[in-house]
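Hello,

Here is the structure I promised to pass on. Please open it alongside this email, and my notes follow below.

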There are 2 protein chains.
Amino acid sequence: MKKNVLIIGAGGVAQVVAHKCAQNNDVLGDLHIASRTLSKCEAIIASVHEKGAMKGTGRFDAHAVDAMDTAAVAALIRETGAGIVINVGSAFVNMPVLEACLETGAAYMDTAIHEDPAKICETPPWYGNYEWKRRERCAEAGVTAILGVGFDPGVVNAYARLAADEYLDEVASIDIVDINAGSHGRWFSTNFDPEINFREFTGTVYSWQDGAWQANRMFEVGQEFDLPVVGRQKAYMTGHDEVHSLAANYPQADVRFWMGFSDHYINVFMVLKNLGLLSEQPVTTAEGLEVIPLKVVKAVLPDPSSLAPDYTGKTCIGDIVKGTKDGQPAEVFIYNVADHAEAYAEVGSQGISYTAGVPPVAAAILVAEGTWDVKKMVNVEELDPKPFLALLNRMGLPTRIKDAAGDRALEF
Amino acid sequence: MKKNVLIIGAGGVAQVVAHKCAQNNDVLGDLHIASRTLSKCEAIIASVHEKGAMKGTGRFDAHAVDAMDTAAVAALIRETGAGIVINVGSAFVNMPVLEACLETGAAYMDTAIHEDPAKICETPPWYGNYEWKRRERCAEAGVTAILGVGFDPGVVNAYARLAADEYLDEVASIDIVDINAGSHGRWFSTNFDPEINFREFTGTVYSWQDGAWQANRMFEVGQEFDLPVVGRQKAYMTGHDEVHSLAANYPQADVRFWMGFSDHYINVFMVLKNLGLLSEQPVTTAEGLEVIPLKVVKAVLPDPSSLAPDYTGKTCIGDIVKGTKDGQPAEVFIYNVADHAEAYAEVGSQGISYTAGVPPVAAAILVAEGTWDVKKMVNVEELDPKPFLALLNRMGLPTRIKDAAGDRALEF
């Protein structure tokens with residue numbers, strides 16, 4: 001039984017994590033949140049208290065920490081007595097925070113793959129570059145590390161596992177589709193950290209097909225999907241974390257990730273990319289100032305967390321899994337639909353942050369209760385999906401399935 | 001008789017000015033070029049010698065100077081014995097350089113209006129904000145200052161004067177049209193300093209119509225023009241220097257400036273502008289670095305001077321002047337067509353730099369010979385246009401006219 005949670009990060013996803021931890025503090029114990037900027041943590045805690053989100057009495061404290069500094073994070077883990085660290089800081093801090101968990105024995109979870117600020121899109125499988133190199137050390141130290149336990153990656157990995165376990169005998173393909181059919185009302189904005197958002201799309205698009213990595217350019221391969229609630233939507237094959245673990249765990253299946261983009265988004269993206277403004281490599285201005293263009297683009301774009309109050313519409317994210325069942329071709333679509341305005345009403349964040357922030361709290365509850373406290377490093381599809389999806393049904397992210405038998409809610 | 005020329009600036013236009021001064025050093029005397037970066041000046045002088053452009057024996061020396069520093073520029077004028085300063089540096093240095101001319105008595109000329117780096121598009125008439133405030137001091141000191149003597153502003157002002165003097169009794173409208181039908185072969189580039197280029201289009205579009213300043217937004221008013229050589233071209237009403245002096249000198253006429261833009265240029269511009277990346281006001285990155293977005297855009301775009309070797313096609317710039325002649329409605333189009341590849345072959349620059357850089361050298365020759373050494377501050381339409389256009393006919397920018405009598409070359 002692990003207790004006490006330390007949240008690393010204070011962005012839109014951290015806001016959701018904080019509210020959901022508060023709603024479950026009877027199981028999770030004392031709560032702590034830490035980022036470089038103390039005032040951001042304090043603002044999140046204030047919003048938790050405004051909503052009366054704390055289920056039971058208990059602490060929720062703010063801390064300032066440089067998450068790139070393993071020793072500082074380890075000291076904070078010891079100081080707070082945190083048994084579980086939910087890392088929803090920048091993707092650049094994953095390895096320093098994981099190292100702090102290895103040092104202290106705390107359970108670790110994150111929602112996105114580790115990135116080196118100076119590198120875009122490294123060799124596949126991406127998890128092999130940083131995370132999996134620490135797999136043996138986690139096992140030796142008995143440290144539970146659950147990688148990529150947001151929605152995608154995360155819930156979609158559990159959907160793939162569920163499809164493979166329950167609905168198909170053989171899996172031939174896993175197509176993860178992520179559609180945001182919502183509207184933020186701004187001329188242009190990314191839905192989460194622009195730096196991370198754009199970095200996702202500037203590199204090679206890796207997919208796993210015919211038992212090998214296939215490389216494409218962004219927006220090179222697109223198709224229209226007809227999905228529940230959101231209807232017909234154009235989506236493009238995109239490089240994404242979960243492809244890199246699912247390909248390892250289901251090597252016989254094709255694994256692809258598809259993300260929906262409007263023509264407007266693509267136009268803005270292509271202009272910025274073609275001009276070199278999405279580069280993570282510094283340029284020097286005529287005045288001699290060294291600047292990373294992508295960081296300037298981030299500075300001029302809306303803060304994604306500022307979109308929440310006006311965000312309307314729904315997201316639909318799920319897995320189209322094809323294969324055979326009882327010798328016949330079979331196909332299932334396991335998915336969730338989330339509503340931006342409902343998310344804002346509950347936790348003060350838009351739907352993209354909500355879908356990313358609820359799952360790690362469900363995972364933390366499962367670790368606290370022991371169900372998922374596996375004392376090694378895993379990706380989500382290596383864990384039993386049912387208790388996780390059962391919790392999410394209760395926590396605001398219900399699972400549905402659409403197959404030959406119809407479109408229906410799934411209970412576990 | 002004034003002698004010895006100091007060129008301020010070392011960009012694409014300065015390259016043209018240097019070559020044209022060299023071709024006329026028998027009249028102009030010793031030549032000097034100065035900018036912040038000595039090596040850029042040396043490279044320009046080297047290209048002059050490579051082309052064997054020096055007409056007679058004589059000096060052509062490079063100097064480093066901070067042109068924002070009036071005292072340093074004045075010292076350099078004294079050191080070089082320059083009687084004429086051709087300022088083709090950034091538009092931000094105009095007033096410091098003019099002050100140095102006022103201090104030393106050297107003649108001054110530039111090709112673009114003075115700008116304050118922190119301000120976009122000030123109150124019309126623009127010349128009233130900086131230049132014309134020094135008109136009395138120029139007259140008192142007997143300092144010749146010829147403002148805006150590039151192509152546009154510059155030659156087009158002379159065209160307007162010529163139309164008013166020779167072809168019309170009353171002028172009802174002056175529409176200056178600037179079409180670049182050339183191709184640089186890059187995904188996107190500005191043809192001159194991106195900072196100055198974009199600043200031109202981010203502010204209010206001022207035109208002088210019905211005896212008053214009219215304000216529009218950029219790309220709000222467009223029309224197609226059918227022009228000699230370049231054919232049918234879409235152009236948009238644009239804020240531009242010469243509107244602000246021509247409106248003062250021909251207040252009874254409507255004065256508008258039209259610039260040709262491709263849909264691609266407009267798309268890139270609108271994306272950058274709507275995102276805030278063309279702002280001249282600093283933003284702060286998440287890392288705390290203060291940066292002016294426009295300067296980063298400039299840093300990632302191609303150096304306009306690098307376009308020259310591959311540039312093909314032609315420019316067409318001229319004045320459509322309408323009014324009455326002998327009691328009848330009359331219209332003339334006075335214009336020049338320049339060729340990018342021919343410009344590169346002669347002086348190593350593309351056509352945009354060529355059209356901007358040849359006229360100030362013609363003006364310098366007229367000042368050196370005394371014809372235009374008026375010992376006061378003037379805009380180009382206040383000077384006799386014929387000796388200027390006669391010189392330009394010989395220097396590579398021949399004037400043509402199209403009216404009821406046909407399309408023909410003009411001789412003076």
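Predicted model: local features only at pLDDT ≥ 70, side-chain atom pairs only at ≥ 80, totals over all residues.

B:Asp339 sits at the N-terminal end of α12(B). One of its side-chain oxygens lies 3.0 Å from the backbone nitrogen of B:Ala341.

Now the helix itself. α12 of chain B runs over residues 340-347. Which of its residues are buried? They include B:His340, B:Ala343 and B:Val347. These residues span an arc of only 60 degrees around the axis, so they lie on the same side of α12(B). B:Glu342 and B:Ala345 are on the other side, and they are exposed.

What covers the buried residues of α12(B)? The cover includes two helices of chain B, α1 (12-23) and α13 (351-369). It also includes the strands β7 (170-180), β15 (314-325) and β16 (328-339) of chain B.

Strand β16 of chain B also holds B:Asn336. Is B:Asn336 buried or exposed? It is buried, with a relative accessible area of 1%. Its side chain reaches the backbone oxygen of B:Pro398 at 2.9 Å.

Best wishes

Note on methods:
Residues numbered from 1 in each chain as written. Chains lettered and ligands numbered in written order. Heavy atoms only, no water. Buried < 20%, exposed > 50% of the residue type's maximum accessible area, 1.4 Å probe, protein only. Helix = DSSP H or I, 4+ residues; strand = E, 2+ residues; numbered from the N terminus. Arc of directions from axis to C-beta. Contact = heavy atoms within 4.5 Å. Polar contact = N/O pair within 3.5 Å; in protein donor to acceptor, adjacent residues only side chain to side chain.
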